[in-house]
Amino acid sequence: NSFIEEVIKFIQTNFRRDISLTEIADEFAVSPEHLSRCFKKQTGFGLNEYINLIRLREAEFLLKNETSKSILEIAFLCGFNDSNYFSLKFRKTYGVTPSDFRKHL
């Protein structure tokens, strides 16, 4: 489904800023409900879950490669507005906090 592929490209281009289901739905001229349903059916992920996954992958990369940047800077660079939420999501996904992840590289 090329519609969902386009949505994925949009997310991959814009994940660093605050993007919402409504904004993405508006961008593709569909209802949020339709977008949410189609996205989940096609990818197996909820939209916000997928956005967080993309953000966390970028955070993992930055934690490994941008050692001069603080955890807070990395959280914001990856589109997280809240460093506590970032740490929570990171730990849930990787099993360690961002600072522990960096220490054990």
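Helices are DSSP runs of H or I with at least four residues, numbered from the N terminus.

Good morning. The structure before you is a predicted model, in which local features need pLDDT of at least 70 and side-chain atom pairs count only at pLDDT 80 or more, while totals for chains, interfaces and linings use all residues. Residues are numbered from 1 along each chain as its sequence is written, and side-chain values use heavy atoms, with hydrogens and water left out.

I begin with helix packing. Two packed helices are described by the angle between their axes and by the distance between those axes. Axes here are lines fitted to C-alpha atoms, for helices over the stretch in contact, and angles run from 0 to 180 degrees between N-to-C directions.

Consider helix α4, residues 47-65, and helix α6, residues 83-94. Their axes lie 11 Å apart, at an angle of about 90 degrees. The two helices are therefore roughly perpendicular to each other, a term covering angles of 65 to 115 degrees; under 35 counts as roughly parallel, over 145 as roughly antiparallel, and the rest as oblique. From α4, the residues N52, L56, R57, A59, E60 and L63 meet Y85, F86, K89, F90, T93 and Y94 of α6. By class, this contact has seven nonpolar, two polar and three charged residues. Nonpolar here covers Ala, Val, Leu, Ile, Met, Phe, Trp, Tyr, Cys and Pro; charged covers Asp, Glu, Lys and Arg; the others, Gly among them, are polar.

Let us look at one residue of α4, namely N52. Is N52 buried or exposed? N52 counts as buried, at 11% relative accessibility; the cut-offs are under 20% relative accessible area for buried and over 50% for exposed, with partly exposed in between (1.4 Å probe, protein chains only). Beyond its neighbours within four places in sequence, N52 is in contact with F80, Y85 and K89.

Helix α4 also packs with helix α1, residues 2-14. Their axes come within 10 Å and cross at roughly 45 degrees. That makes α1 oblique to α4. Here V7, I8, I11 and Q12 in α1 meet L47, Y50, I51 and I54 in α4. This contact has seven nonpolar residues, one polar and no charged.

Finally, I turn to a loop. A29 lies between α2 (21-27) and α3 (32-43), and A29 is exposed, with a relative accessible area of 72%. Its phi is near 55 degrees, a positive value in a residue other than glycine. Most residues other than glycine have a negative phi.

Note on methods. Contact means heavy atoms within 4.5 Å.
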